[in-house]
Amino acid sequence: MVRIGIIGLGRISGNHIGQLLNCLDAKITAVCDIDAEKLKSAGDRLNIPESHRFSDYRELIACPDVEAVEICTPNYLHVPMALDVIRAGKAVEVEKPLSTSYENGVGELVSEIKRTGLPAMMCFSYRFMPAVRYAKDLIGQGKLGKLINVTVEYLQSGVFIPGRKLEWRFVKEYAGSGTLGDLGVHLIDMTRFLVGDFESIYAMSKTVVTERQKLDSDEYAPVLVDDLTGMMARLEGGVIANMLFTKCAIGESNTIRFEIYGTDGIIKFNLNNPNEITLCFAAENRTDGRQKTIPVPEEYRLGQEYAFVQAVQGKLTPYFPSVTEGAECQRILDAAVRSAAENRIVAL
Ligand SMILES: NC(=O)c1ccc[n+]([C@@H]2O[C@H](COP(=O)([O-])OP(=O)(O)OC[C@H]3O[C@@H](n4cnc5c(N)ncnc54)[C@H](O)[C@@H]3O)[C@@H](O)[C@H]2O)c1
């Protein structure tokens with residue numbers, strides 16, 4: 001039985017908790033939040049004794065009944081907390097993006113993970129979508145021939161939620177970037193995972209809602225992170241990537257479109273339908289628009305939390321997203337921020 005502690009009991013923690021409750025090999029033994037209400041609510045729901053409810057995350061990490069820690073706090077806290085977990089000799093799972101910038105301790109964290117060999121997972125949740133895992137296998141089998149280009153979009157509409165204040169996500173110091181790091185990092189990882197690494201980037205960003213009310217007063221302050229970012233990238237092998245990440249797409253609650261084109265075929269998926277994939281292979285004489293949409297085979301299902309629990313038990317599942325890969329994605333995020341700020345192509 002893997003005994004897990006969770007730090008940060010906000011929105012995404014609900015997802016982690018829901019999945020962990022379905023893992024037979026895992027038990028949530030401790031929780032932590034600086035918000036007393038959230039701590040009480042999660043503690044009560046999970047029947048955690050008072051002695052295992054913490055407001056100081058260091059105490060959760062030190063708790064002898066915790067052998068693996070999940071970090072679900074705002075972005076600027078991920079690296080310092082993960083470093084403390086690894087230094088305590090425990091396994092860690094970190095929410096995305098890894099940091100606010102690579103310079104904020106990412107190199108040190110990667111070195112410590114390598115030195116200790118402890119399991120360290122990045123929550124690139126969409127890697128666990130069946131369509132993504134199936135696409136990975138089809139590309140690995142060479143079904144697409146030589147890859148040519150990829151088009152990806154991540155669409156939400158959250159910047160327009162009425163009354164939304166200057167929460168941490170809109171503050172550069174706490175978030176690093178806006179939609180780019182929040183949504184874009186998922187597709188940056190997916191592009192590296194399915195297609196190849198990034199060689200250069202040209203990004204453009206826009207802030208549509210330019211000021212928001214502060215959380216603790218009537219004053220307004222400027223928003224200094226992007227609401228949307230578009231970018232072109234050159235990937236290894238000369239593949240061209242065209243990417244758009246936006247929270248300004250009215251009517252879209254959470255849409256991911258991904259299209260990969262090769263000399264021998266194409267793959268498309270839309271994560272509103274994660275169990276379906278659209279394929280077209282030249283070998284089947286389908287060069288004229290006759291694409292077919294099929295269900296993804298059952299064996300491609302795998303839960304993120306199940307994969308983490310397995311890793312803590314020493315059983316690495318295929319396509320495990322590591323913190324080290326999260327660090328590479330952080331370099332790409334930083335390059336995109338620099339490219340947009342300086343209006344130039346940035347090499348990686
Ligand atoms: N993998 C995904 O698809 C996905 C989806 C949503 C969010 N996320 C990531 O999860 C993280 C959290 O996002 P969220 O939407 O849950 O945010 P949130 O603001 O709802 O929750 C964050 C929680 O952390 C707590 N917290 C802040 N400082 C703390 C500290 N020092 N010690 C303990 N707790 C502290 C807050 O009180 C809050 O309850 C972010 O990094 C975000 O990018 C990932």
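Where in the chain does Tyr319 lie? Tyr319 sits in the loop between helix 9 (304-312) and helix 10. We will come back to this residue at the end, after a walk through the rest of the structure. Keep in mind throughout that this is a predicted model.

Let us start with the open sheet of six strands, whose order is 3-2-1-4-5-6 and whose pairing is parallel. Strand 3 (53-54) and strand 6 (120-122) stand at the edges with a single partner strand each, so one side of each has no neighbour in the sheet. Inside this order, strand 1 (residues 2-7) and strand 4 (residues 68-71) run parallel and are joined by four bridges. If you want to find this pair in the 3D view, look for Ile7, which stands opposite Ile71 in strand 4.

A helix packs on this sheet too: helix 4 touches strand 1, strand 4 and strand 5 (91-94). The direction of helix 4 makes about 165 degrees with that of strand 5.

Now turn to an open sheet of nine strands, with the order 16-15-14-13-7-12-11-8-17 and mixed pairing. Its edge strands are strand 16 (292-295) and strand 17 (346-347), and each of them pairs on one side only.

Strand 7 (residues 147-155) and strand 13 (residues 255-262) run antiparallel, with eight bridges between them. Strand 13 and strand 14 pair in the antiparallel sense over five bridges, and they form a hairpin with two residues between them.

Strand 8 and strand 11 are antiparallel and share eight bridges, with Met204 opposite Gly230 in strand 11. Strand 11 is also joined to strand 12 by seven bridges, again in the antiparallel sense, and here Leu228 stands opposite Thr246 in strand 12. The hairpin of strand 11 and strand 12 has four residues between the strands, and in this hairpin Gly237 takes a positive phi near 75 degrees.

Which strands does helix 10 (residues 323-342) lie across? Helix 10 lies across strand 8, strand 11 and strand 17, and runs at about 55 degrees to strand 8.

## Around the ligand

What surrounds the ligand? There are 27 residues around it, and Ile12, Asp33, Asn75, Lys96 and Arg169 come nearest. By class, this shell has 12 nonpolar, seven polar and eight charged residues. Helix 1 (11-21), helix 4 (78-87) and helix 8 each supply at least two residues of the shell.

For Arg169, a polar side-chain atom lies 2.2 Å from an oxygen atom of the ligand. For Lys38, an N or O atom of the side chain is 3.1 Å from a ligand oxygen atom. For His186, a polar side-chain atom is found 3.2 Å from an oxygen atom of the ligand. How much of the ligand's accessible area does the protein cover? On its own the ligand has 850 Å² of accessible area, and the protein covers 85% of that.

## Backbone details to look for

Two spots in the backbone deserve a look. One is the cis peptide bond that joins Lys96 and Pro97, with omega at about -10 degrees. Pro97 is found in the loop between strand 5 and helix 5 (106-116), while Lys96 is among the residues that come nearest to the ligand.

The other is Tyr319, the residue we began with. Tyr319 has a positive phi of about 65 degrees, although it is not a glycine. The loop that holds Tyr319 leads from helix 9 to helix 10, and helix 10 is the helix that lies across strand 8, strand 11 and strand 17.

Conventions
Residues numbered from 1 in each chain as written. Predicted model: local features only at pLDDT ≥ 70, side-chain atom pairs only at ≥ 80, totals over all residues. Heavy atoms only, no water. Pairing = 2+ DSSP bridges. Contact = heavy atoms within 4.5 Å. Axes fitted to C-alpha atoms, helices over the stretch in contact; angles between N-to-C directions. Near = heavy atom within 4 Å. Polar contact = N/O pair within 3.5 Å; in protein donor to acceptor, adjacent residues only side chain to side chain. Areas by Shrake-Rupley, 256 points an atom, 1.4 Å probe, with all protein chains shown as cover. Nonpolar A, V, L, I, M, F, W, Y, C, P; charged D, E, K, R; others polar.
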